[in-house]
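Keep the sequence and the 3D view open beside you as you read.

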Amino acid sequence: AQVACVAVLLVPFLTTLDPRAAVKGSRDPLGAQVIWTRLGRNVVTNLTTVTTSANDFNTLLLGIYFAQRLDAGAAQPEVFLRWEQVAAYSRIKYGIPGGPALRGVERVRRNLEGASRVDISAHSVDQILSDQKMYGLWGLYLGAARASGFIEEDAVRLTPAADAYVTSAFGDVLEHRTAIMNLVRQERSKLHLESKHSNLCVTVGKALSQIPQGLREPLWNALVANEHSSNVEQRQLAKLLEDPETLTDDEFSRAFVLRLQSAAQSHGYDELRRRIERIIACESVLAPASAALGFILSCNRLLVADIVDSLNEQWSDGSHIQLDVFRTLGEEIGTAVSSAEVNDLWQRAAACLRECNYDLLIRALVDINRLVMRSRGGAPWIEIKAERLEVNIPGEGSALPDKDALPELWRYPYFLHSIQSIAWQLKAG
C-alpha cells in the first residue's frame, strides 16, 4: 500500500561545496556531495554553489582594493566587513530598483527603517548577517575569486590584473576613496546616507546594482571562461554559453544540461561532451537515490516489504537510469568516497534503480548511509531490524516524485547552476 509522507529538503545547504572543503555536520546522508563535486569540478573549476552574483564579485574586489591599502598591502577581514556594510546600505538605499539581491538584505532594510544614518563596524551588533565574516562575501566569495585569478595565492590581495580592472571599471567610486577609507578604517563609524555621505552612497549603490556593458567582458573571461585556469573544457563551455540557443534562461534544470551536451557535440568538443554525459549519468542515479532515501526516512517501523510495495506502485520504471555510463564512473566515485565498499554499494544501487529491485535498493541505501555516517564519527540515520525500518534521526521524510517526473529529476548543481547564473547576468540579464 502507498505510504503517506511529508516533504523535507534533503539536499544540504553548504557554503563552498568543493573538494577542498570537508563535509561537516550531519547533512548529506548518502555522502553524495563528494561525488557530484568531483564530477562538477571536471567542468567548472572556479565557482562554488553560492557564488552566483557578478555584482557580489565586484563588491568583493572593490572592498579588497580599499582594505589592502589600509592594511600594509593585504586586506584584513574587519576592514572588509565595514566596506561590505557601506556597500549594502548604499545598494538598498540608492541602488537601481529591481537590481540583484544582496546578502544581509533583511537586516539592512530593518536598520534603514526611519533612519538616515547607521553604524558601520565589525562588531556583531552591527553586522548585517549572523556571522558576516563566514556568511558574507569574505567567507563565501574569496575562494572563487582566487580560483578565478582575482586574488593572489599567498595573501588577500588583488592580482595586478584585478587591481587594474577595479581602477578602470570603478573610477566614479574611487573618486570617493578618501571618504570610503575614512569610514572603513575606524573601529566604528557613522554612515550618513542622506547628508555628508549621500553622494558617496548614491555612487556606490548604483555602481554595484548593475553591470555596465564595458565590465562584462573581463568578468566573463575571469568567471565564466576562467582564463586563469588551464581547464580547456571550461573555456569551451563558455563558448557554448555565448549562444542564446543554449543559454535560453537562468532556470537551472536537466534540460539546460542536455542543451550543453548537445551543443558540445555540435561544436566537436568531444571531451567536454563526455564530461557532461558523465554528469548526466551520475545524476540519473543520485537524484532518484536521494528521493528514495527521503521517502524511506518517513517510514519508521514499517516493514521493508511494505515500503517496496509503495516504491513499485509509484515508480516501477528504471529506463531513465544510465547504468552503462554510470558504471564507467566507478574509479572516480571510488576515489571521491575513499571507500571501495561505498563505491560498490553505489554501483549496486544504480543497478537496482535500473532493474526496479527496490528491496535491494533500500538495503543498499541503508548501508551507504551507515558507512558514510561512520566515516564522520556518527550513527546511522536509518537501520533495518527484524525486516522493519528503524529511523534514528527524528524529522520529516519526503514524498516520492511521480513516475512521470523521474526522468527529469535533478537534485545536485555540479557547479553548472552557478556558471549558468553568472553567464545569464553577463549576457542576457
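## The core and its helices

The largest nonpolar core has 144 residues, and those with the most contacts inside it are Trp83, Phe170, Leu241, Trp346 and Tyr414. A nonpolar core here is a set of buried Ala, Val, Leu, Ile, Met, Phe, Trp, Tyr and Cys residues joined through side-chain atoms within 4.5 Å. Buried means under 20% relative accessible area, exposed over 50%, and partly exposed in between, with a 1.4 Å probe and protein chains only. Helix H14 gives the most to this core, with 14 residues.

A word on the model itself. It is predicted, so local features need pLDDT of at least 70 and side-chain atom pairs count only at pLDDT 80 or more, while totals for chains, interfaces and linings use all residues. Residues are numbered from 1 along each chain as its sequence is written, and side-chain values use heavy atoms, with hydrogens and water left out.

Helices (H or I, at least four residues) and strands (E, at least two) are DSSP runs, numbered from the N terminus. How do H14 and H18 pack? Helix H14 (residues 270-296) meets helix H18 (residues 340-355) at an angle of about 85 degrees, and their axes are 10 Å apart. The axes are lines fitted to C-alpha atoms, for helices over the stretch in contact, and angles run from 0 to 180 degrees between N-to-C directions. H14 and H18 are therefore roughly perpendicular to each other, a label for angles of 65 to 115 degrees. Val285, Leu286, Pro288 and Ala289 of H14 make the contact with Trp346, Ala350 and Leu353 of H18, where contact means heavy atoms within 4.5 Å. By type, the residues of this contact divide into seven nonpolar, no polar and no charged. Ala, Val, Leu, Ile, Met, Phe, Trp, Tyr, Cys and Pro count as nonpolar, Asp, Glu, Lys and Arg as charged, and the others, Gly among them, as polar.

| Helix | Residues | Buried |
|---|---|---|
| H10 | 198-207 | seven of ten residues |
| H12 | 232-241 | seven of ten residues |

In H10, the buried residues include Cys201, Val204 and Ala207. They pack against helix H3 (77-94), helix H8 (171-174), helix H9 (177-185) and strand E2 (188-192).

In H12, Glu233, Gln234 and Gln236 are among the buried residues, as is Leu241. The cover over the buried residues of H12 includes helix H11 (213-224), helix H13 (254-266), H14 and helix H20 (416-427). Not counting residues up to four places away in sequence, Leu241 touches Trp220, Val224, Leu247, Phe256, Leu260, Ile419 and Ala423.

Phe252 and Phe256 form an edge-to-face pair, 6.1 Å centre to centre with 65 degrees between the planes. Rings of Phe, Tyr and Trp (its six-membered ring) pair if their centres lie within 6.5 Å; planes under 30 degrees apart count as stacked, over 60 as edge-to-face and the rest as tilted.

Asn58 sits in helix H2 (residues 54-70) and is buried, with a relative accessible area of 0%. Leaving aside neighbours within four places in sequence, Asn58 is in contact with Tyr165, Phe170, Leu208, Leu215 and Leu219.

Note on methods. Angles under 35 degrees count as roughly parallel, over 145 as roughly antiparallel, 65 to 115 as roughly perpendicular and the rest as oblique.
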